[in-house]
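This report goes through a protein model for a reader who has not seen it before. The sequence and structure come first.

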Amino acid sequence: MKEADTCGASGGKQPLEQRMLELFRDKKGSVISGEELGAALNVSRTAVWKHVKNLMAQGYQIESLPSRGYRFLSAPDVLTSLELTSGLRTKRIGCLITCVPETESTNLLAFRLAESSAREGTVVIAETQTGGKGRLGRHWESPPGVNLYCSIILRPAMQPFRAPQLTFVSAVAVARAIEQVAQLQPKIKWPNDILLNGRKVAGLLNEMSAETDTIHCVILGIGVNINMGSEQFPQDLRHPATSLLIEKGVSVSRVDFTRTLLTALDMLYDDYLCNGFGAIRQEWLSRSTVQGRRVRVSFGKGETEGVVVGVDDDGALLLKRGNSAPERVLAGDVTIM
Ligand code: BT5
């Protein structure tokens, strides 16, 4: 792991530059005087200028207007904890955000942090992963600077057998974020793929550490192809893949996307904890590619076929064949027939 930068959305004292960014954002591009900034932040005008220069060195475009003040022009599209947390109003998700330039896998790093008692809602983000993980030992392509690779630590007080429901929570959150930020209509393919026009734009890898009836932590691993160009995809992917850039034709702000995703996840997780799986299952089904379709599911050396009639409380796919009761399928790869 390379050097990490960390700060949080809630709780504790916010770093001064984070509060300064929030003030600039509130002003929405109009001029704010050094005196006003100094008073709001409780520092001298010289200190204000020093912190403005620090922000500029990090890629923020801020205009300095002699004897008038400062005007915020734009933020860099880099995934730093400062940029992600300023203005993030969440209850749990993003209470602490750690961004690293490179790591083997954000899920592994999140597990390590969880073992050293990191709080629920801690988010780990990497610019690139050297050993990004898919399911069943598969690899997740993670080129630097273009996508989102993140893992979120949850500590729900519930029975471990319910944990697969959290994959549905994260799938719906990713779908909502794509819709909101890129105005595209994603579909969810059971269990963990998000598709645009039939091509995979995001994958989820949720892992858990638990005992018989207690969850220590669940790590929600989320990989989203945001600005990855078609030339960056390897030829030998199992299924066609895409990115928001490819589908939309213009690049998408990774910072906006990530903040929107964390906010959506926060709301959905809260709803899940308070009201259970019902509403999330409904939204998942309405966004699903498989509901009502005939599919083949392969797992290990076996496979099964049927028409999808829903998902049950364990997140199992319910496959109907003839007149018998639906068959439950807990894991596997789905092909729509
Ligand atoms: C997944 O596995 O879709 C889960 C991917 C989860 C990645 C995130 S990134 C942050 C966090 N940290 C990690 O280490 N992992 C998580 P699966 O359904 O098994 O799909 C893997 C297959 O998708 C591979 O075998 C490839 O064929 C294909 N693939 C690999 N990279 C891809 C990419 N960037 N976009 C689309 N498809 C890809």
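Residues are numbered from 1 along each chain as its sequence is written, and side-chain values use heavy atoms, with hydrogens and water left out.

The average pLDDT (the predictor's confidence in each residue, from 0 to 100) is 92 for the protein, and 97% of the residues score at least 70. Helices (H or I, at least four residues) and strands (E, at least two) are DSSP runs, numbered from the N terminus. Where pLDDT is low, the predicted coordinates should not be read in detail.

The domain bounds come from an automatic or database domain assignment, and they are listed here.

| Domain | Residues |
|---|---|
| domain 1 | 11-74 |
| domain 2 | 81-287 |
| domain 3 | 294-336 |

The centres of domain 1 and domain 2, taken over C-alpha atoms, lie 32 Å apart. Eight residues of domain 1 and seven residues of domain 2 make the contact, which means heavy atoms within 4.5 Å. Between them, the two domains bury about 630 Å², with 45% of it on carbon and sulfur atoms. Buried area is the accessible area (1.4 Å probe) that two parts lose on being put together, summed over both. On the side of domain 1, Gln18, Glu22 and Arg25 lose the most area to domain 2, together 63% of what that side buries.

Two salt bridges are found across the interface of domain 1 and domain 2. A salt bridge is a side-chain nitrogen of Lys or Arg within 4 Å of a carboxyl oxygen of Asp or Glu. Helix H1 (residues 16-27) gives the largest share of the side of domain 1 that touches domain 2, five residues.

The structure holds 22 salt bridges. One of them joins lysine 91 and aspartate 270, with the closest N and O atoms 3.1 Å apart. Lysine 91 is in the loop between helix H4 (81-85) and strand S4 (97-103), and aspartate 270 is in helix H8, 179 residues apart. In another, the side chains of glutamate 22 and arginine 89 meet at 3.6 Å, N to O.

Helix H8 (residues 254-275) has 22 residues and reaches 31 Å from its first C-alpha to its last. This is close to the 32 Å expected at 1.5 Å a residue, the expected span being 1.5 Å times one less than the number of residues. At the start of H8, a side-chain oxygen of serine 253 comes within 3.4 Å of the backbone nitrogen of valine 255. Just after H8, glycine 276 has a positive phi of about 85°.

Most residues other than glycine have a negative phi, and most peptide bonds are trans. Asparagine 42 has a positive phi, near 65°, and is found in the loop between helix H2 (34-41) and helix H3 (45-57). A cis peptide bond, with omega about -5°, joins tryptophan 190 and proline 191.

Definitions and conventions. Predicted model: local features only at pLDDT ≥ 70, side-chain atom pairs only at ≥ 80, totals over all residues. Polar contact = N/O pair within 3.5 Å; in protein donor to acceptor, adjacent residues only side chain to side chain.
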